[in-house]
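Q: Please open the model, so that we can go through its contacts one by one.

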Number of protein chains: 2
Amino acid sequence: MSHQKIKIPLVEDYLSVYKCLGELTRLRILNLLKHGPLCVCHVQDVLGEPQPKVSKQLAYLKRHGVIESLRHANWTIYRLSGEPGSILAQNLKCLEDGAFQESVFLEDLERLRQVDTSAACLPGEG
Amino acid sequence: MSHQKIKIPLVEDYLSVYKCLGELTRLRILNLLKHGPLCVCHVQDVLGEPQPKVSKQLAYLKRHGVIESLRHANWTIYRLSGEPGSILAQNLKCLEDGAFQESVFLEDLERLRQVDTSAACLPGEG
DNA sequence: AATAAATATTCACTTGAGGGAATATTCACT
DNA sequence: AGTGAATATTCCCTCAAGTGAATATTTATT
C-alpha cells in the first residue's frame, strides 16, 4: 500500500474551490496531478517555477483539502484527494474538456512526459 | 425584441471565469441572473448589499463578458451573456446542481421570489 | 432647466495574496 | 552527530481587489 489516507475534509464550499482554481500556478499543478501523483521536485521542474512558489501553492491546495501529501523518503508526494463526484472532481472534469486544452497546460503535459519516465522518487504504485 | 445584443466577447479563459466565480457577491449575483434578467435595484434588494458594491461587481462581471447590460428607462437590466456550451455555462450548470444548493443562494432565491412579482422595472419579455 | 430616481464612478483606505530571498526543517546516509 | 538533498516556512515587499463614502452621470418628469 503506497498512499496512507490522512483524511482532510474536502472543501464542500464552492467559493473555496473556485479560489483554488483561480490562480494559474494552482491550475497548472492540478492539471499535472490529474495524471497521477508527483513529488515537488517534478512539479517544480515541469512548471519551471521556483521551489518556494511551488511549495506554497501545494500547501495552499493541501490546506483546502484539494490535494493530499505523502512523505516518501526525502520526497513529498502530492496527489488529488477528491472523491469522484465531489465539487472539485466535477470541475476538474469540466477543465479536462476545456481549460486543459489550452497551450500552457498541453505544454506542461509534454514536459511532464519527459520527466516522468526517469522518475526516481515515485512511490511504488499498485 | 427586448434585449439588443451588444456583444462583448465571452471570456474563453478559464482563469478569468474562475476568478469571476471566486467571490461571494458575484456568485450570488450569478445565482440570481440564472433565473432571468434583473435590474440593479432588485439585485441590491435581494442581496441586501450597498448599491456601489453591487454596481461594481456587476461592472466586473460585465467587463469580463459574463453578463450583458441593457438600459431600460432609468434602470439598467443585467442578464447572463453566455452562449450554451461556453465555459461559463458549463460551470453554471455545475453550480446549479451543487453550490446553488447552499443556504446563502437558496435564501437569495426566496427573497428574489418576493421582489420579482412586484417588479416595475422589468423589460417586456418575449 | 430644475429635480429626483437609478446607476456608475471616483477616492481613499485596508487587507490579503503572491513573489523572491533567505532560512528552517526533515530525512537518509555515513 | 554531521552532511547534503528535498521540502517547508518565514520575512519582507508589492500589488490588486474589495469596501464605504461621496460624487458624478443618466434619464424621466415636471
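**Contacts with the DNA strands**

A: A polar side-chain atom of Gln51(A) is placed 2.7 Å from a base nitrogen of DNA strand D, a polar contact being a pair of N or O atoms within 3.5 Å; within protein, one must be able to donate a hydrogen and the other to accept it, and residues adjacent in sequence count only if both atoms are side-chain atoms. This is a predicted model, where local features need pLDDT of at least 70 and side-chain atom pairs count only at pLDDT 80 or more, while totals for chains, interfaces and linings use all residues. Side-chain values use heavy atoms, with hydrogens and water left out; residues are numbered from 1 along each chain as its sequence is written, chains are lettered from A and ligands numbered from 1 in the order in which they are written.

Q: What share of the DNA strand D atoms within 4 Å of the protein belongs to sugar or phosphate?
A: The share is 54%, and the rest belong to bases.

Q: And which residues are closest to DNA strand C?
A: Of the 21 residues that surround DNA strand C, the closest are Lys53(A), Lys56(A), Gln51(B), Ser55(B) and Tyr78(B). Sugar or phosphate accounts for 57% of the atoms of DNA strand C within 4 Å of the protein. The residues of this surface divide into 10 nonpolar, 6 polar and 5 charged.

Q: Which polar side-chain contacts does chain B make there?
A: Among them, Gln51(B) has a polar side-chain atom 2.8 Å from a base nitrogen of DNA strand C. An N or O atom in the side chain of Lys56(B) is 3.2 Å from a base oxygen, and a polar side-chain atom of Tyr78(B) lies 2.6 Å from a phosphate oxygen.

Q: Which element gives the most to that surface?
A: That is α4(A), with 5 residues. Helices (H or I, at least four residues) and strands (E, at least two) are DSSP runs, numbered from the N terminus.

Q: Changing topic: how many aromatic pairs does the structure hold?
A: It holds 1 aromatic pair over all chains. Tyr18(A) and Tyr18(B) are stacked, 5.9 Å centre to centre with 25 degrees between the planes. Rings of Phe, Tyr and Trp (its six-membered ring) pair if their centres lie within 6.5 Å; planes under 30 degrees apart count as stacked, over 60 as edge-to-face and the rest as tilted. The pair crosses between chains, from helix α1 (residues 14–21) of chain A to helix α1 (residues 14–21) of chain B.

Q: Are Tyr18(A) and Tyr18(B) buried or exposed?
A: Tyr18(A) is buried, and Tyr18(B) is too. Buried means under 20% relative accessible area, exposed over 50%, partly exposed in between (1.4 Å probe, protein chains only).

Technical notes:
Near = heavy atom within 4 Å. Nonpolar A, V, L, I, M, F, W, Y, C, P; charged D, E, K, R; others polar.
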